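Here's a quick walk through a model, one topic at a time. Have a look at the fold first, and then we'll go through the details.

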Amino acid sequence: VHYMKKHLKFLSVLASSVLLCACSSKPDYISDRTYEATESAIEIVDKVLDGKMDFQTAYDESAYYFEVIAGFDKDSIEDETDRLSASIAVTSAGLLRIILHDGKFKQDFNEKIDDEIFQRLAEQRNTVAEQFGIDERD
């Protein structure tokens, strides 16, 4: 019984490691340029979440990256499932941009930026990361 528990624990750790590796790799249907732009946009979002950058600066500095992501040619993907996955990922990135805009808007009008917007930002950041094969944030 002790041997089986040890064996199951080892298999559990191994499976988790494999899943982590699989989750943090770029899907084949995402172009390198789009992937790199997404990584850069997420790095900017992480600065906001860490309190190292305000929403206004993040919105401005991420504009180019979100343009690259939005311009990804999903129609050239032959596999229908991959094309749909790419479309969902690009849409999710657009939602991340909208949350940054919400924070920027509140900042522009000196409104209080509450915890809810940071929570939405963190959740959407992780959704985008997962869809693009980028490590999630705890």
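## A loop residue to start with

Where is Asn110 found? Asn110 sits in the loop between H4 and H5. Its phi is near 55°, a positive value in a residue other than glycine. Asn110 also counts as exposed, at a relative accessible area of 73%; here buried means under 20% relative accessible area, exposed over 50%, and partly exposed in between (1.4 Å probe, protein chains only).

Some ground rules: this is a predicted model, where local features need pLDDT of at least 70, side-chain atom pairs count only at pLDDT 80 or more, and totals for chains, interfaces and linings use all residues. Residues are numbered from 1 along each chain as its sequence is written, and side-chain values use heavy atoms, with hydrogens and water left out.

## Overall fold

The protein has five helices and zero strands, so the pattern along the sequence is simply α-α-α-α-α, given that helices (H or I, at least four residues) and strands (E, at least two) are DSSP runs, numbered from the N terminus. Of the 138 residues in the protein, 35% are buried.

## The nonpolar core

The largest nonpolar core holds 32 residues; such a core is a set of buried Ala, Val, Leu, Ile, Met, Phe, Trp, Tyr and Cys residues joined through side-chain atoms within 4.5 Å. The members that touch the most other members are Ile30, Val48, Phe66, Ile69, Leu100, Leu121 and Phe132. Two or more residues come from each of helix H2 (32–49), helix H3 (55–70), helix H4 (80–108) and H5. H2 gives the most, with eight residues.

Leu100 belongs to helix H4 and is buried, with a relative accessible area of 0%. In sequence, Leu100 is 42 residues from Ala58, yet the two are 7.3 Å apart in space, C-alpha to C-alpha.

## Salt bridges

Side chains of opposite charge can pair when their charged atoms come close. The count here is eight salt bridges, each being a side-chain nitrogen of Lys or Arg within 4 Å of a carboxyl oxygen of Asp or Glu. One of them joins Lys26 and Asp32 (3.6 Å, N to O), with Lys26 partly exposed at 26% relative accessibility. Another links Lys106 to Asp114 (3.9 Å, N to O), and Asp114 is partly exposed too, at 27%.

Arg120 and Glu116 make a further pair (3.6 Å, N to O). Both lie in helix H5, four residues apart, about one turn of the helix. Arg120 is partly exposed with a relative accessible area of 28%, and Glu116 is partly exposed at 40%. Elsewhere, salt bridges that share partners tie Asp46, Asp50, Arg125 and Arg137 into one network.

## A negative patch

Which residues form the negative surface patch? They are Glu130, Asp135, Glu136 and Asp138. Patch members have over 30% relative accessible area and no salt bridge, with like charges joined within 9 Å and nonpolar side chains (Val, Leu, Ile, Met, Phe, Trp, Tyr) within 5 Å. Glu136 is found in the segment after helix H5 (115–132) and is partly exposed, with a relative accessible area of 47%.

Note on methods
Accessible areas come from the Shrake-Rupley method with a 1.4 Å probe; for residues, only the protein chains shown count as cover. Lys and Arg count as positive and Asp and Glu as negative; His and the chain ends are not counted. The place of a charge is taken as NZ of Lys, CZ of Arg, CG of Asp or CD of Glu.
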